[in-house]
Amino acid sequence: MLVIPLRPGDEWAATSTSQSVPENGILSEGAIQFAILAEWNAIRGACGAVRWWRSAIADVHGAMRAANSLLGQSLMPQSYDLEMKYRRAVDLGSIRVLDGGMASELEFLGADISGPLWSAHVLEEQPEKVMAVHRAYLEAGAEVLLTASYQVSRRGYAEFGLAAARADQALLRSVELAVAARREFAGRKILIAASLGPFGAALHNGAEYRGDYECSFAELVNFHRERISVLAESEADLLAFETLPSLEEARAIGVALEPWPEVAAWFCFNCPDGRAERLQVAHGELLRECASLAASFPQTVAVGINCTQPRWLSLLLPELKAASDKPIVVYPNSGEGWDAEARCWTESETGSGAPEDFGTQARAWFDAGAQIVGGCCRTRPEHIRQVAAASGA
Ligand SMILES: [Zn+2]
């Protein structure tokens, strides 16, 4: 075990391969910094090696799948099944209340989220605001925190000339902030779900609400695998794939997840107006079919809907129930409508967006079979307080 003395003048109580004990037994500040740096580099090197190993395994599995479909027989190694034993234990059993909107709450707190990376740059520039949002939701009764990473991806960052490493760091930073907020509420069971937007979110053209991407299946798999490889090593309890618009993207995530059978994940689809009434997700496939496919992955701990108008949930919940016996998670938006011409949110005919209305509806969603309820865009801590009251928790 390595114990690094933290202050100059401390006695050298550590064993380290990179630093020898000074003659007088007392360390200088420079020696301490050197020791910390050396150990830090060693840890980073080890993490890099683990990631490399994971993607090498992923490539081998990919080649085997191709060979399987050619030869019509299973070439998957026994070790693949052995890995299943190490699945990360996530107990959603008693969990009922998810948090609410992150980006819109940051905006209410005065953060500028008008840039193309939305809330992602706030992670770097104003992490205290992200912490404040997490804290507000925990005070309101949330039992699951979604990280501020929806928009973070190597591809999205590359479009603005930002390095891949910076995107990876932002992903890890988002988890660290949620972990720090959780620490302030010791004694409560709180899960951290790493928020992962769909491929369309990195295109910055609204494609996530249509699912009409012009990219290959392999590109889609790679997009998701890059982020999974980083977050699989983080302290997040599960990965939350959100606002999924299509059956194909769910399938791609299933393939991307294959090298990490121990990781837990949930899959939430987006059913916009014009599709929801036909029980379809944004790209037009049936929600039931999408949820059923997602539920078939070994990593899946829940399936559901997010960023959808609350008024459609009574219609869509039976579809989720019919799709699988996995726990159901729903986090619709506030019910307000977006007026694209005036560029503002408006009261819709069926929902005012008021927290009390949201709470009344949440009670109905729980009764209809939802296990976990939270909010997406424009929902605030007060909405979540109403959900917590409706949950009976
Ligand atoms: Zn949303």
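**Entry 1: β4.** I began with strand β4, residues 265-269, and found it mostly covered, with five of its five residues buried. I call a residue buried if 20 or more other C-beta atoms lie within 10 Å of its own, exposed if 12 or fewer, and partly exposed in between, with C-beta atoms placed from the backbone. Helices (H or I, at least four residues) and strands (E, at least two) are DSSP runs numbered from the N terminus.

**Entry 2: ground rules.** This is a predicted model, so I use local features only at pLDDT of at least 70 and count side-chain atom pairs only at pLDDT 80 or more, while totals for chains, interfaces and linings use all residues. Residues are numbered from 1 along each chain as its sequence is written.

**Entry 3: neighbours of β4.** I looked up the pairing on either side; two strands pair if DSSP finds at least two bridges between them. Strand β3 (residues 238-244) pairs with β4 in the parallel sense over four bridges, and A240 has W266 as its bridge partner in β4. With strand β5 (residues 300-306), β4 pairs in the parallel sense over five bridges; here F269 is partnered by I305.

β3, helix α9 (residues 247-257) and β4 make a right-handed β-α-β unit. Right-handed means that, with the strands pointing away from the viewer, the path from the first strand over the helix to the second runs clockwise. Another right-handed β-α-β unit is made by β4, helix α10 (residues 287-295) and β5.

**Entry 4: the whole sheet.** Where does β4 sit in the strand order? The order is β1-β2-β3-β4-β5-β6-β9, an open sheet of seven strands with parallel pairing. The edge strands are β1 (144-146) and β9, each pairing on one side only.

β5, α11 and β6 make a right-handed β-α-β unit. β6 is covered on both faces: I328 and V330 are buried on one side, V329 and Y331 on the other. Two bridges join β6 to β9 in parallel, and V329 is partnered by I372.

Entry 5: α12 has 13 residues and reaches 18 Å from its first C-alpha to its last, close to the 18 Å expected at 1.5 Å a residue; the expected span is 1.5 Å times one less than the number of residues. Its buried residues are P355, F358, G359, Q361, A362 and W365, and they pack against α11 (313-323), β6 (328-331), β9 and α13. Just after α12, G369 takes a positive phi of about 115°.

Helix α13 (residues 381-391) is mostly covered, with eight of its eleven residues buried; H383, R385 and Q386 are among them. The buried residues of α13 pack against α5 (127-140), α12 (355-367) and β9 (372-373). G392 follows α13 and has a positive phi, near 75°.

**Entry 6: the core.** Which residues have the most contacts inside the largest nonpolar core? I got L239 and W266, in a core of 106 residues. Such a core is a set of buried Ala, Val, Leu, Ile, Met, Phe, Trp, Tyr and Cys residues joined through C-beta atoms within 7 Å. Helix α7 (residues 164-183) gives the largest share, eight residues. L239 touches A194, L196, I228, L231, V263 and A265, leaving out residues up to four places away in sequence; a contact means C-beta atoms, placed from the backbone, within 7 Å.

**Entry 7: totals and confidence.** I logged 13 helices and nine strands, and buried residues make up 46% of the 393. The mean pLDDT (the predictor's confidence in each residue, from 0 to 100) is 83, and 73% of residues reach 70 or more. Over residues 1-22 the pLDDT is below 50, yet this stretch has 40 contacts in the model beyond near neighbours in sequence. Residues 68-87 stay under 50 too, with 13 contacts beyond four places in sequence. Where pLDDT is low, the predicted coordinates should not be read in detail.

Key: Two residues are in contact if their C-beta atoms, placed from the backbone, lie within 7 Å.
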